[in-house]
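Biologist: I would like to go through the terms used for this model one by one. Please set each value against its definition.

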Amino acid sequence: MSTRSPRQIAITLGQYTVALLALWWLARQIDILSAARRLLGLDPLIIGALLGISLVGAFAQFGTWAAVFGPIKRVGLRSVASISLVVNFINQLLPSRLSGRLAAPFVIRSATGMEYSDAAAASGVHTGIYAVLYGLVSTVGVVAIWLLEAPSLGLMAVLAVSTGLYLVAGSVVLVAGTNLRILDPLLARIAAVLGLLPRIGESLATWVEGLTDFTEASTQSFRSLASNRRVWLQYAGSWGVVLLLAPAFRVGLLLGAFGVSFEPIGLLPLYILTAYSVTLLPISPGGVGITEATATAVFVTLGVPSDVIVPIVFVDRILGIYLPAIIGWIPAARLDLGRLRTD
């Protein structure tokens, strides 16, 4: 079993401390009992509508994975849902929202029996498209906030940096995934060095040389997916429902229930997406606390009272992110770890 270094432990403790401090700050912005009474007093029809759109959003999230699996292998809805929920669950345990994508190929392999090269390609394309779409749309949101509102320079800097990181991360993933063969010379050198080791050198060198077959197969699969227009269109449609329509519907419905109007309502999806962009920054596990605090700051700048937006943001995050992550623990506990072994 590997042990974590003191530095790693200190960083993790620092991230959890930041999350707790952010949540403490949010709690001080509102009357918690009053907010609880507001939420508990919601009309049953509104509660039903919130749950209904959240269910639609969950199925749309499954659709993003189905988009990248389709050209490779037919995967049933149950397996797609399991993969999506498990990755979301892991995302909330690790510092960055993209962290769970590192484990995705193994989860895909376990759930579908897909070859590792194809699983890595599907996971990589999913990550790349997600980040590129998020960066592009969030850029529009940043520009809209800057031109139409009066945000602080500090808040704009945070939003601009997080949005830029999405664009960079997505571009790097897509470019690297289509050029994995550049690793072949490095693998050849490593194999040559390992071959000099006594007794085990030959077997280790053979294993490393075999990785070139993986890079070739994964590169071909990645290129095929990344250049497939249908994959992009299907993915973008589902992505839009998950990250634009569902959150905007929930937040807009709750704002109306709390008696607060929002103008222009057409920009609400962009503002929400941009406000949540800090989830990519490894400041706290899963962006917990920091994301809610940043979203609160954005909407207060837009004229929404803090005592209204804080509970609304938490409801939206719970229904859209945290509840599916908790549910994801169930399929995560049922993963067949034996299928993660390579032959």
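Modeller: Helices (H or I, at least four residues) and strands (E, at least two) are DSSP runs, numbered from the N terminus. This is a predicted model, in which local features need pLDDT of at least 70 and side-chain atom pairs pLDDT 80 or more, while totals for chains, interfaces and linings use all residues. Residues are numbered from 1 along each chain as its sequence is written, and side-chain values use heavy atoms, with hydrogens and water left out.

Biologist: Which elements does the chain contain?

Modeller: The chain has 13 helices and 0 strands.

Biologist: Why is Ala144 called buried?

Modeller: Buried means under 20% relative accessible area, exposed over 50%, and partly exposed in between (1.4 Å probe, protein chains only). Ala144 has 12% relative accessibility, and therefore counts as buried. Ala144 lies in helix H6. Its C-alpha atom is separated by 8.3 Å from that of Leu267, 123 residues apart along the chain.

Biologist: Why does Ile312 count as buried?

Modeller: Ile312 counts as buried because its relative accessibility is 0%. Ile312 is found in helix H13. Contact means heavy atoms within 4.5 Å; leaving aside neighbours within four places in sequence, Ile312 is in contact with Val251, Leu254, Leu255 and Phe258.

Biologist: How do you know that H4 is mostly covered?

Modeller: Of the 15 residues of H4, 12 are buried. Among them are Val80, Ile83 and Asn88. Over the chain, buried residues make up 48% of the 343 residues.

Biologist: What makes a set of residues a nonpolar core?

Modeller: A nonpolar core is a set of buried Ala, Val, Leu, Ile, Met, Phe, Trp, Tyr and Cys residues joined through side-chain atoms within 4.5 Å. The largest one here has 77 residues, and those with the most contacts inside it are Trp65, Phe69, Trp239 and Phe299. Helix H6 (residues 116-148) gives the most to this core, with 14 residues. Beyond its neighbours within four places in sequence, Phe69 is in contact with Val75, Val80, Ile83, Ile108, Met114 and Ala122.

Biologist: What makes a space a pocket, and how much space lies in the largest pocket?

Modeller: On a 1 Å grid over the protein atoms alone, a cavity is a set of points where a 1.4 Å probe fits but cannot get out, and a pocket is an open set with protein on both sides within 12 Å along at least five of seven lines; lining residues have an atom within 4 Å of a point. The largest pocket holds about 680 Å³ of space. It is lined by 36 residues, of which Ala58, Asn88, Gly320, Ile321 and Pro324 lie nearest its centre. H3 supplies the largest share of the lining, 9 residues.

Biologist: Where is the cis peptide bond?

Modeller: A cis peptide bond joins Glu263 and Pro264, with omega about -10°. Pro264 is found in the loop between H10 and helix H11 (268-275).

Conventions
Points joined across faces, edges and corners; volume = space filled by probe spheres on them.
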